[in-house]
Amino acid sequence: LPGHKLLLRGRGYYAIIFTLYGSLTALLIIILFTPIFLFLLPKFYPSIQKIMPFILITVSLFLISSEKNKKLWALFIFLIAGFLGIATLNINIKEPLLPLLTGLFGSSNLIIAIKQKTKIPEQRITSLRNIKLSKDSISRATLASIIASPFTAFLPGLGASQAALIGRSFLNIKDQREFLFSWEPLTQ
């Protein structure tokens, strides 16, 4: 992820600042769009709920097809995750998701860190005046957030990273700073 790349280049502080800028923008987006969603979503959600499986399949296929070199691998991971979810929910355990998700998210990061033996370089801390995004970058990242945020609001299982990829694809965002800026509002 872009934040990790910046951290490994000694610029983790920059990643934090870009996501902070995104968070402040998210606050404005939330204030502006919450009344609209409170009014419109209850009216449209029942009809959207009927076609939800088709919407989720379409979004999943879009995300799988957006992989550059590993489309088959992405499809395989998607199918394995689906089978794991079905198996987990059919186990006779009261709360099956807590141990599953804790193990999946925690262990994968630990295994990668151990395997790569990553060493974090000394981080450079710079004045806020030197960490800037152009007005065009801020506009594009904010528009990407506005486009993708509704997906996380009403689509089950769609998180901030998937929505950020959708927003990034629609506006062809390649700059890591813009991605960090647009990703943070989606986590709000």
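## Overall picture

What percentage of the 188 residues in the chain do buried residues make up? The share is 28%, where buried means under 20% relative accessible area with a 1.4 Å probe, protein chains only. This is a predicted model, with local features needing pLDDT of at least 70, side-chain atom pairs counted only at pLDDT 80 or more, and totals for chains, interfaces and linings using all residues. Residues are numbered from 1 along each chain as its sequence is written, and side-chain values use heavy atoms, without hydrogens or water.

The chain has 8 helices and 0 strands. Both are DSSP runs, numbered from the N terminus: helices are H or I with at least four residues, strands E with at least two. The C-alpha atoms fill a box of roughly 55 × 45 × 35 Å along the principal axes.

## Helix α6

α6 covers residues 135-154. Its 20 residues reach 30 Å from first C-alpha to last, close to the 28 Å expected at 1.5 Å a residue; that expectation is 1.5 Å times one less than the number of residues.

α6 bends by about 30° at A148. The bend is the angle between axes fitted to the seven residues ending there and the seven starting there. P150 follows within four residues. A148 and P150 are among the buried residues of α6.

## Packing against α7

The axes of α6 and α7 (residues 160-171) come within 8 Å and cross at roughly 130°. Axes are lines fitted to C-alpha atoms over the stretch in contact, with angles from 0 to 180 degrees between N-to-C directions. The contact (heavy atoms within 4.5 Å) includes A144, A148 and F151 of α6 and A163, G167 and F170 of α7.

Key. Buried means under 20% relative accessible area, exposed over 50%, partly exposed in between (1.4 Å probe, protein chains only).
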